[in-house]
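Hi,

Here is the structure I promised to hand over. Have a look at it first, and then read on for what turned up.

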Amino acid sequence: MLKRTLILLVLVATAAAQSKKPKSPAGVVNSAAPAANETIALKGGKLLTITHGVIENGVVVMQNGRITAVGGAGTAIPAGAKVVDVTGMTVYPGLIDSETHLGLTEVSADRMTNDELEASDEIMPHMHVYDAFHAETALIPVTRINGITNAIVAPASGDTLPGQDSFIQLAGASATEMLTVRDIAMPLNFTGQQRRNQNFDQAKFPFTRMGMATQLRQAFIDAQDYEQKLAAYEKKKSSADEKERDRAGAPPKRDLKLEALLPYLHGKKPVVLAAEQPNDLLTALELANEFHLKVILNHVTHSASLLDKIAATGLPVIVGPIYEQPKESERYDAVFSMPAKLAKQGVKIAFASYDAHQSRNLPYAAGYAVGFGLPAEEALKALTINPAQIWGLDKDLGSLEVGKLGNVVVANGDPLDVKTDVKHVFIQGQEIPLVSKQTQLRDQYWK
Amino acid sequence: MARRSHLYGVALLLVSCLLSTLAFAQQQPSGQQSSPAIHNDVVIKGGTVLTVTHGKIENGSIYIHNGKIAEVGKKVNAPAGATVIDATGKFVMPGIIDSHSHIALSNDVNEPTSPITPHMMMHDAFDYSDKAIYRALAGGVTTSLLLHGSANMIGGQAVVIKHKYGLGRDELIFPGAPQSIKFASGENPKRVYGQKNQLPSTRMGNFEVMRAAFIEAREYMRTWDDYDAKVKKGDKDATPPKKDLKLEALADVLRGKLLVQIHCYRADEFLTEMALAKEFGYKIRAFHHALEAYKVADKIAANGIAVATWPDWWGFKYEAWDGIPWNAVISAHKGVRVALKSDSEDVTRRLNQEAGKGIHYGLTEDEALKAITLNPAWIIGVEDRVGSIDVGKDADISIWNSYPLSSTALVDKVLIDGDVYFDRSLPGLGLTQYKEGQ
């Protein structure tokens, strides 16, 4: 017993010692460092405005966190502005990653640094990623210096309802500043991967798709019931009739799980409905319709046979990961070509890295989709204005337009190409130092 | 009558033999009979040829004779009957070589039952029908080193394949490729055995089991040397020691017969591995993954050891925490031969993009191209055969619709030994030797 306790202590001590390592190195905070009120003018670059074409030799002015001017060479630059010469460079809006686990993980193999999934039950809508979000994560500086300025942080997909997503900005003085929209949406995963164990002898409900669908349906029915009880209580409580008010009794016991589902029952917020193969997509869509959910589709990687149906729903799709392997019988490019196929049907698509450490590679997935037929402008939209619209944030994000946030990237080439190097990143009009844990190691050893 | 029925029986037997042969052939992705045994003369004309060893040839041509590159240049003297592949507006480069892969091993990548398993032969698990071979081929890969996993300090012996998807098993094996053996270190062995409360559960244990294994192998070699000496002296009573597959394999390491490929992440472990190699007198061919190579690159270079790494993987475990995307360029500039590899069924399909990322992080175009062709060929020990477009080399060539080291480039055709195995313009899977359902 003593031995076991000792081992445990050693393990804890080791974990504690190890957990020191992944912290951000001194000097790299995730806040944008320079003065907040500086006016910055980017001059001479090729502007990919997204919403109103390409402007060669253009000017972008940012003031008080927002874009105040976008135009050609003749655009007026306010006196006192810091002028950054970006001649020969490409200027585009900050990229939006529509699914990451940034801030929920440091070292993947170390459970102590991972808060991606509460795996104790399949129905966990009351988990909020903002409660775990690690603002000082070393991964965010690594990601943003490749031009990703905003992202959805989602719990991992191991539960049917794993919790609620937050939308983040990849810079800020604290988690509060970075978590720009909390509980923006709720993933609903129906890919067959959410069952607890696949060992028949130790089967535990839900062991099958039947089980998972039924469990999910019951969860929404429970939420409807909870909502009715709340409404009935409120009605009695606010009745003009005193007797009726007395009959109201105690309010229904607060249930965090059911409460978390309420905004989704009437489509106030979207569910991000994840399915890969056609049968799962159809089952999940039926379920969503049954409860009048507002839907953003996710993955649809193996559902090329339902392209017409997907297009007919009019729903937007977060497509990918396009690096998913095709089915055994499929051609090698069956998944690589999904973004092009969806866009051709008029579906609004967005890309996601579905990752944390490699979120920085988001634009390359879009570039690969271009290789397989997606028009380049569509690919860039799927990283900017499309996700901004899908997440309801296009007033602030997604294009180089006056009035939008100064989330702007300058690079030495095509934003989607693997060879391109990002030279400047601005978030809310402030220049982000191109520094990360990794650049520090580079500078230490590259002599 | 009796005789006749006997004959009838023989005939039946023959028919059933024939049927079973046919059935066997049908189980394979394609019949053996479709093997292109006779190579046609081929000319690839009009493309931008990235030779790897002698620069870029605009509007260049390659003449392929008998499966080998016979001529390369602005103009070649090909016979009139040669098959012409028009590569106008396209890019022509050697087939990509993946120096770290675990595809097509029937999910039998690790024998995690002992930390020392040098006698495991990956050839025994090689599944030539695995579609992953096809999907890598469609990404321009023509040669892969299929390695044992990293559960063991000393794993098994690798198999080198050419991606001739659709042919029979033996035709996918790279003929004459040297034998590689996989070593590992660090977190994986200590985790796998530590979880079972066995040795090794620490890096101390890791290196101890290796040392002990080589000491045992030396002892084994000595017993054979003694026996050989007795035989030489004419001792007719000398009895040979029992052959031991495991010790025999370790002895092959010490005899320098195997290329040693070591899974290793951390700077201190490169140094320990190099010291161990010196102590026991074997050479290390390459460090694989090698995320901290940049910290001790000069020492790795001084030992003539190559590095097979990813351009930007990091953070998935502690020994990957200091991985940086400038690892390749720093190591290369300090004189290390650097390859970019996949270690992934996914990434092996787009190693051209990985090389493109190499450029992003500072490699020159030539260095990046070498990192997926000639350098991995060296790691596998087949650099005299493949990895560049040079006269006398195997005609393993990929043709791309645009500059290959980019996000958007697609493979149009892949030739191996002068024959086209993948052609994007073909319907179905785009394969020439594979017949669906056969």
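One term before anything else: a residue is called buried if 20 or more other C-beta atoms lie within 10 Å of its own, exposed if 12 or fewer, and partly exposed in between, with C-beta atoms placed from the backbone. Keep in mind that this is a predicted model, where local features need pLDDT of at least 70 and side-chain atom pairs count only at pLDDT 80 or more, while totals for chains, interfaces and linings use all residues. As for labels, residues are numbered from 1 along each chain as its sequence is written, and chains are lettered from A and ligands numbered from 1 in the order in which they are written.

Asn107(B) is not a glycine, yet has a positive phi of about 60 degrees. You'll find Asn107(B) in the loop between β6 (96-101) and α2 of chain B (helices, H or I with at least four residues, and strands, E with at least two, are DSSP runs numbered from the N terminus). Asn107(B) counts as exposed because it has 9 C-beta neighbours inside 10 Å. Asp343(B), also other than glycine, has a positive phi near 55 degrees, and sits in the loop between β14 (338-340) and α10 of chain B. Is Asp343(B) buried or exposed? Asp343(B) is buried, with 21 other C-beta atoms within 10 Å.

Staying in chain B, take a look at β12 (residues 284-289). This strand is mostly covered, 6 of its 6 residues being buried. On one pairing, β11 (residues 259-264) of chain B runs parallel to β12(B) over 5 bridges (two strands pair if DSSP finds at least two bridges between them), and there His263(B) stands opposite His288(B). The chain gets from β11(B) to β12(B) by way of helix α7 (residues 267-280) of chain B, in a right-handed β-α-β crossover. Right-handed here says that, with the strands pointing away from the viewer, the path from the first strand over the helix to the second runs clockwise. β12(B) is also joined by 3 bridges to the parallel strand β13 (residues 306-309) of chain B, with Ala286(B) opposite Ala306(B). Helix α8 (residues 297-302) of chain B carries the chain from β12(B) to β13(B), and this crossover is right-handed too.

On to chain A and its sheet. What is the order of the open sheet of 8 strands? In chain A the strands go β6-β7-β8-β9-β10-β11-β12-β13, with mixed pairing. β6 (95-100) and β13 (349-351) of chain A are the edge strands, each pairing on one side only. On average, neighbouring strands in this sheet are turned by 30 degrees against each other, direction ignored (axes are lines fitted to C-alpha atoms, for helices over the stretch in contact, and angles run from 0 to 180 degrees between N-to-C directions). β12 (residues 317-319) of chain A pairs with β13(A) in the parallel sense over 3 bridges, and Ile318(A) has Ala350(A) as its bridge partner. Helix α7 (residues 278-290) of chain A lies across β9 (179-189), β10 (270-275) and β11 (294-299) of chain A, at about 160 degrees to β10(A).

Chain A also has cis peptide bonds to check. One joins Phe205(A) and Pro206(A), with omega about -5 degrees, and Pro206(A) is in the loop between β9 and α4 (209-237) of chain A. Another joins Gly320(A) and Pro321(A), again with omega about -5 degrees, and Pro321(A) is in the loop between β12 and α9 (338-344) of chain A.

Last, the contact between the chains. 34 residues of chain B are in contact with 31 residues of chain A (contact: C-beta atoms, placed from the backbone, within 7 Å). From chain B, α2 (131-137) and α10 (351-360) each supply at least two residues of the side that touches chain A, and α10(B) gives the most, with 5 residues.

Best wishes

Definitions and conventions: Contact = placed C-beta atoms within 7 Å.
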